[in-house]
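I opened the model to look up a few things. My notes follow in the order I took them.

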Amino acid sequence: MTVLQKKTHNPIAHLAPEDIEEIGRRLDAIRADIIASRGASDAAYIRKVISVQRKLELSSRAVLLFSLFPPAWLVGTAGLSVAKILENMEIGHNVMHGQWDWMRDPKIHSKSYEWDHASPAEFWKHSHNELHHTYTNVIGRDNDLGYGIMRVNEDQRWVPAYLVQPVYNLLNALVFEYGIAAYDLELGKYLKRRNDRKDTAAFRRDGQKVLKKIRRQMTKDYVVHPLLSGPSFLPTLGANAVANLVRNLWTHSVIMCGHFPEGVETFTRSSIEGETRGEWYLRQMLGSANISGSKALHLMTGNLSHQIEHHLFPDLPSNRYAEIAPRVRDLMDRYELRYVTGPLHHQVASAWKQVITLSLPNGAWASAKNDPVGVAGKGVAAASRYGASAASRLLRSATATTALAVTGVTARWSRGQRQRR
Amino acid sequence: MTTLAQDHGASNPGRRGLRHRVWRVAAAVTHPLDPADYLDMFRPLRPGADLRARVVAVRPETEDAVTVVLRPGGAWRSHRPGQYVRLGLDVDGVRLWRSYSLTSVPGAADGLLTITAKAVPDGVVSAHLAQELRPGQLVHLDQAVGDFVLPDPAPRKVLFVTGGSGITPVMGMLRAGLDRLVDVVLVHSDAHTGDVIFGAELRSLAADGRLRLVERHTDDSGRLDMAALSSLVPDLAEREAWACGPAGLLDALEKQWADLGRLDQLHTERFRTALAEPGDGGTVRFTGAGVVLELDGSTPILDAGERAGVLMPSGCRMGICFSCVLPLREGSVRDLRSGDVTTAAPGDGVLIQTCVSAAAGACDIDL
């Protein structure tokens, strides 16, 4: 990906400002249609999903009480994995978006819902609903682009640390819910400038909340349910770990497909100054990618498979995205805009390809194909240069810290001496 | 969250302590949901659950009124005749709350509650009650409230003045306590005979000499005025009065009783506090913050509040992230995107997105 504004072929160059506003008006009309027809059948849908999810979780956990018996372990683990995915995707994510607030049911409301996840709803809503959905794919504003640890765009400056980003990405996938918790807490930002005292106090307070949530989540999955299983303690503990792992891998894959695949556009900070509603819609359409597939796939992705529709209308009920998708696609075709979509395996591969190729400096992937030995040599040289400078930095800071510590200890020691006298 | 403190079954302190511990373990099992969320799936009417009721029957009372018979959940704590309940109904997917006077006798052997609702023009809830509500469905319920009740002991001479569906709380009082009332006059005003809710029951009580019933039909004799009332009830001045009906009738009664210097002898029940017609702009009160602003009909409440120094939650400022949502305790706001007006009365629990809502009349924001 290269930011749209720097592309040789700008995919929106053919649109006049009036066209963009017309697109905005048509999308507003689609939104109005759905809101006007929102009603009892939509309410029945979400209540049904919630009821099915809870019954599935209850029954899977009941089966896991006998998980010493391998078939029970398998069935229970599979059921629990699906239940956990449904809860996070079709229920949690969408309820916290306010998609069901219109029902005025306090149990299904963005203000009160808490999900089965390491990150407390409060923090997730801030980083996801406010930052990501408002600044979608704007380099420097939307931290979802590479989550602050990866380079997923040619316009992000390359540093050698990105060489290992495919490894980061895999590790992040394995523990995704904790990655999100750290990300929602803005842990990276805090570590970078920890001298600000006010920040530190706020961070500590938020950190306590996250740790409390994680502790309760872990107590449930890894202590209470295994204990209830008695002799099946260990198999049940394993089942919970596997279900959480399956959910991590699945949600990570689905979410990578939303904005990382090839064909998705990114934007510069300056391009969104004074952005109109039409232009905002346009950025959402070009900055998102769909996943094509069956109804079951859509349900298991929380309808994030309709990522384009979701980003245009994040607060419309998820069960209606499938219905408006043809209208959105038709509109994009009409204005010669690329509607990025593909089957899950294709989109996941495409996203991974971005992560891998962009771990190298721009152009290095292409030249590596022609001259693998030369590029590898350059890479080793660059890495050793970087390693040497990093090592000397590390050494300097270590020396400084040691010196400080020694001074401190000496001072304390001499104070002690004085007091003793 | 449902707590065991609400559970009346657990009176023994030791048992309560044990149940509290069990509940805490259950909460650890179901985290982040409440154990009640699971129990509600199977036993929504159990004691300790949020109060709900199951519809037992819906039957027509007159041409435009229906009576709904409800079996309340275990958390129901009886009522006093004349009180009302708030009923929460999912109308086309949206939870709407309305108040209805109870007409059933407290502590009836069958344990059932009844309310009677008259169709309101364009009233989505009364239409829902009459056309959509079916036996077996669950509705949400609050405990009975209201001080439109008879004292104990009741005064010797009582006057009831009712108009239209204003008969409902009085019917509750008559059914439960007519035996302890010695001298009762009921003046009821309605469009015509067929419109009178509980008409047959009232006429039969009158025929048995249990009360004196004066029916006034506005189609024939116009609206009930105070001069007519005085001639219909010559001993008006000796009676303590309870009145329920249209605002105009109650206002006239209050004026009359005030002129007589007997306002303490008149008890009135108004069904709904007067809501201003939604207009452009209005007085916005941020209750907790103690700030009152005069706003126009085009400025988002969020912007105006912030400009006035109110610390408000905010997010995307374009109506997508729902970070700015606050409870509208009372009043009307207009959605600046669609032009739709949302109106709330106290207790409705309506939440609004302040970044895309402007005042459409006076409103009270809970912040």
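I started with strand pairing: two strands pair if DSSP finds at least two bridges between them. Helices (H or I, at least four residues) and strands (E, at least two) are DSSP runs, numbered from the N terminus. I am working on a predicted model, where local features need pLDDT of at least 70, side-chain atom pairs count only at pLDDT 80 or more, and totals for chains, interfaces and linings use all residues. Residues are numbered from 1 along each chain as its sequence is written, while chains are lettered from A and ligands numbered from 1 in the order in which they are written.

**Entry 1. The parallel sheet of chain B**

I looked up strand β7 (residues 157–163) of chain B. It pairs with strand β8 (residues 183–190) of chain B in the parallel sense, over seven bridges. Thr162(B) has His188(B) in β8(B) as its bridge partner. I then traced the whole sheet. It is open and has five strands, in the order β9-β8-β7-β10-β11 (chain B), with parallel pairing. I found β9 (212–217) and β11 (266–269) of chain B at the edges, each pairing on one side only. Neighbouring strands here are turned by 15° against each other on average, direction ignored. For that angle, axes are lines fitted to C-alpha atoms, for helices over the stretch in contact, and angles run from 0 to 180 degrees between N-to-C directions.

**Entry 2. Strand β3 of chain B**

Is β3 (residues 84–91) of chain B mostly covered or mostly open? I found six of its eight residues buried, so I noted the strand as mostly covered. A residue is buried if 20 or more other C-beta atoms lie within 10 Å of its own, exposed if 12 or fewer, and partly exposed in between; C-beta atoms are placed from the backbone. β3(B) pairs with strand β4 (residues 94–101) of chain B in the antiparallel sense over eight bridges. Val91(B) stands opposite Val94(B) in β4(B). Two residues lie between the strands of this hairpin, and Asp92(B) takes a positive phi near 50°. β3(B) also pairs with strand β6 (residues 138–141) of chain B, antiparallel, over two bridges. There, Gly88(B) stands opposite His140(B) in β6(B).

**Entry 3. Chain B overall**

I counted up the chain next. Chain B has nine helices and 17 strands. Of its 367 residues, 35% count as buried. Its C-alpha atoms fill a box of roughly 65 × 55 × 40 Å, taken along the principal axes. I noted domain 1 (4–42), domain 2 (52–141), domain 3 (157–269) and domain 4 (282–365). These bounds come from an automatic or database domain assignment. The C-alpha centres of domain 2 and domain 4 of chain B lie 31 Å apart.

**Entry 4. His97 of chain A**

Why does His97(A) count as buried? Because it has 24 C-beta neighbours inside 10 Å. His97(A) lies in the loop between α3 (70–96) and α4 of chain A. Two residues are in contact if their C-beta atoms, placed from the backbone, lie within 7 Å. Leaving aside neighbours within four places in sequence, I found His97(A) in contact with Ser110(A), Asn129(A), Pro314(A) and Asp315(A). Pro317(A) is 220 residues away along the chain, yet its C-alpha atom is 9.4 Å from that of His97(A).

**Entry 5. Where the chains touch**
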